[in-house]
Amino acid sequence: VADKNSMVVHRYDFDGKLDYSFGAKGEGHGLFKSLSGLMAGKDRRVYVGDSKKGVTNIFQAEAGVLLEALPKPASRTSVRVQDTIPVSVSRMVWDGKETLYGIDAVNKSIIRLHNGAVAGEIKVKDLVPVAIAVDKSGALWVLDGSGRRIVKLDDLGSILTSIGSKG
């Protein structure tokens, strides 16, 4: 859960108990000026988009030993910044394999992230992506904010199907 007021990301277990938290408001490494996207990926990685800093941070949750007493309940999990990708994305989604997709609202495009780096950009004429999903086949489903439609794209950005229309 991304708490935009405190700029902290919380992870809860299936019983609703706080497992761990990380982040804070600030300019430094691993700190946030905004929380514009949040996605849990493979191998306990957490991707956090920060549109005001223009980056996406990759955090790695690690099992560890609690080093000091904290004023709130703490777990034996620590979180460290693994990497920072110089791209601002929101509305992130994972394909279940190795690739993440996020919306770049400024450039009205979809950014492909792979192995901790920008692997490509999908920009479709007259498409303003506002939400994105990936189906089992790997196709992208995009909610188009300008055309008031849902568009199915292949991984290269070719339109496979369009549902709905403006009006």
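Which residue forms a salt bridge with D144? Hi everyone, let's start there. The partner is R149, and the closest N and O atoms of the pair are 2.8 Å apart. Keep in mind as we go that this is a predicted model.

Now, is D144 buried or exposed? D144 is buried, with a relative accessible area of 1%. R149 counts as buried too, at 17% relative accessibility, because the cut-off for buried is under 20%.

R11 has a relative accessibility of 37%, so R11 is classed as partly exposed.

Another links the side chains of E27 and K33, at 3.4 Å from N to O. On the E27 side, the relative accessible area is 58%, which makes E27 exposed. K33 sits at 31% relative accessibility and is therefore partly exposed.

Let me finish with something nonpolar. V130, L143, I150 and I163 make a surface patch of about 300 Å². If you'd like to find one of its members on your screen, look for strand β14, residues 149-153, where I150 is located. And how accessible is I150, in terms of relative area? The value is 36%, so I150 counts as partly exposed. That clears the patch criterion of over 30% relative accessible area.

Technical notes: Residues are numbered from 1 along each chain as its sequence is written. This is a predicted model: local features need pLDDT of at least 70, side-chain atom pairs count only at pLDDT 80 or more; totals for chains, interfaces and linings use all residues. Side-chain values use heavy atoms; hydrogens and water are left out. Buried means under 20% relative accessible area, exposed over 50%, partly exposed in between (1.4 Å probe, protein chains only). A salt bridge is a side-chain nitrogen of Lys or Arg within 4 Å of a carboxyl oxygen of Asp or Glu. Patches are made of residues with over 30% relative accessible area and no salt bridge: like charges are joined within 9 Å, nonpolar side chains (Val, Leu, Ile, Met, Phe, Trp, Tyr) within 5 Å. Accessible areas come from the Shrake-Rupley method with a 1.4 Å probe; for residues, only the protein chains shown count as cover. Helices (H or I, at least four residues) and strands (E, at least two) are DSSP runs, numbered from the N terminus.
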